[in-house]
Each structure stands twice: as structure tokens, then as C-alpha cells.
Amino acid sequence: MKEQRKNAPRTKPAVLTRLTAGKPAVTYSIIGITLVVYLLQFVFGNQITNLLIYAGFFSQPGSFEPWRMLTTALAHGSIFHVLLNMYTLWIFGQLLEPLLGRGRYLALYLLSALAGSLGVLFLADPFTPVVGASGAIFGLMGAFLVIQRRLGGNATQLLVLVGINLVIGFIPGLNIAWQAHVGGIIGGAVLGLIFVQTRRIRQKPLQVGLIGAFAALLVLLSFARFFVS
């Protein structure tokens, strides 16, 4: 009996299975973590924010802190900012997470956040800090747009929505990091193309390899200013 228990497959408790079945658990987890971080920002102010923000300055020798390219997606500048981003994440998360699966969806979110920070690195003033999950969320939009188009779905409304959001980022005085939007949507579109072009079961090793190669490219680009400065 002891040997049987040792070799028996592990199962989840029924309650946990019912709670997580069919739910976009990764999306809910990201929203929960982000809201907790904003609460900490609200309570402790700049002490928390300054630990998470990103600017091109942090990708240069002497101030090299590359993890900020991801942590900046957890911090937000106002309650309106965080609620708008989390609402958009909730909408696209419910569409994409069941479609892609949790692993691919999480990879999409994180790599889009990194691509958004690369947009800031290459296009923005290196001494202007940015916060927010907009780069990652634009990555979700870009991926969904590509998947819809490649699979023959009607993407007109989504294209209009993405266009409006991109244009808003360029309006003077709104203090929006449009550079993160551009980087995020490009990164998400590339990943969306990988997903849809390698969607067959027998292509899974190729898909994993392409995602890994794209991730490696983004990481390599994050060191660009470190080596050329």
C-alpha cells in the first residue's frame, strides 16, 4: 500500500479544482498582485514606487538594474491608471488565457512587458521614469489582433480600439509613455504570429524554441545601452 501511494498520480483537492477550472487564473493573479502593489504604493508612497520604476538610465553602466524592465509593470501612477489597466487586462485576459493556455499566456504578458520597456529604452529620454502595465497590455492587444486576423476573425473593432489607444498616447500633456505602447504591441504581435503559425500539436517543440529565441533576443537588446555607453 505504501508503494502504491508513492507511485499513484497526484490529484488536486476537489474544491481547488472547482475554483480554478475554466477560470483565467493567471489573469486574476496578475490583477491581484498589481492591486496589492498599488496599495503598498498608496501607503508607503515613493518608497515603493522608486524601487519599481524604469527609465533608460537603469540600463546603463553604473546604474544597471535590468529587473526594473519587468517590475515597472506592477507600479502605477494613480488609482485611475491602475483600474483602467486592470480592467483592460481583465477583458483581454478572459479572451486570451483560455485560448493560449496559462503557460503561453504568462509568457506573452511578461515578454510584452519587457518589449514595452525596450520601447522606453530606445525611444524615450533615459532620465524620464515610467510606470504601468500598459506595455504588457498592448502586447495582449497586438497578439489578439494577429491571431484574429490570421484565423479569419473580424478584427475591425479591435483594430479601431488599438488605434485609438495608440493615438491617445501621442496627445501632448497627458504624460503617457507611448514608447511602452509601441514596444509592447510589437512584441505581442510577434508572439501572436508565433502562436498562430505553430499551433499544431506536432509543432510544439518549434513553438517553444521560437518563444525562447524571441525571449533571448529581448534580453540581449536590454543590454544594448550597457555595452555601447
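Buried means under 20% relative accessible area, exposed over 50% and partly exposed in between, with a 1.4 Å probe and protein chains only. The model is predicted, so local features need pLDDT of at least 70 and side-chain atom pairs count only at pLDDT 80 or more, whereas totals for chains, interfaces and linings use all residues. Residues are numbered from 1 along each chain as its sequence is written, and side-chain values use heavy atoms, with hydrogens and water left out.

**View 1. Phe 42 in helix 3.** Phe 42 belongs to helix 3 (residues 25–44); helices are DSSP runs of H or I with at least four residues, numbered from the N terminus. Its relative accessible area is 63%, so Phe 42 is exposed. Ile 79 is 37 residues from Phe 42 in sequence, and the C-alpha to C-alpha distance is 9.1 Å.

**View 2. Aromatic rings around Phe 58.** Five aromatic pairs are present in the structure. Rings of Phe, Tyr and Trp (its six-membered ring) pair if their centres lie within 6.5 Å; planes under 30 degrees apart count as stacked, over 60 as edge-to-face and the rest as tilted. Phe 57 and Phe 58 are edge-to-face because their planes stand at 75°, with the ring centres 5.5 Å apart. Phe 57 is partly exposed at 33% relative accessible area, whereas Phe 58 is buried at 14%. Phe 57 and Phe 58 form one aromatic cluster with Phe 127. Arg 68 lies over the face of Phe 58, 4.0 Å from the ring centre (CZ of Arg or NZ of Lys within 6 Å of the ring centre and within 35 degrees of the ring normal).

**View 3. The pair of Phe 64 and Phe 223.** These two rings make a tilted aromatic pair, 5.2 Å centre to centre with 45° between the planes. Phe 64 is in the loop between helix 4 (46–52) and helix 5 (68–71), and Phe 223 is in the loop between helix 11 (204–222) and helix 12 (224–228), so the pair links parts of the chain 159 residues apart. Phe 64 is partly exposed at 24% relative accessibility, and Phe 223 is partly exposed at 26%.

**View 4. Packing of helix 8 and helix 10.** Helix 8 (residues 134–150) packs on helix 10 (residues 178–197) at about 40°, and the axes are 6 Å apart. Axes are lines fitted to C-alpha atoms over the stretch in contact, and angles run from 0 to 180 degrees between N-to-C directions. Contact residues (heavy atoms within 4.5 Å) include Gly 135, Gly 139 and Gly 142 of helix 8 and Gly 184, Gly 188 and Gly 192 of helix 10.

Technical notes: Helices (H or I, at least four residues) and strands (E, at least two) are DSSP runs, numbered from the N terminus.
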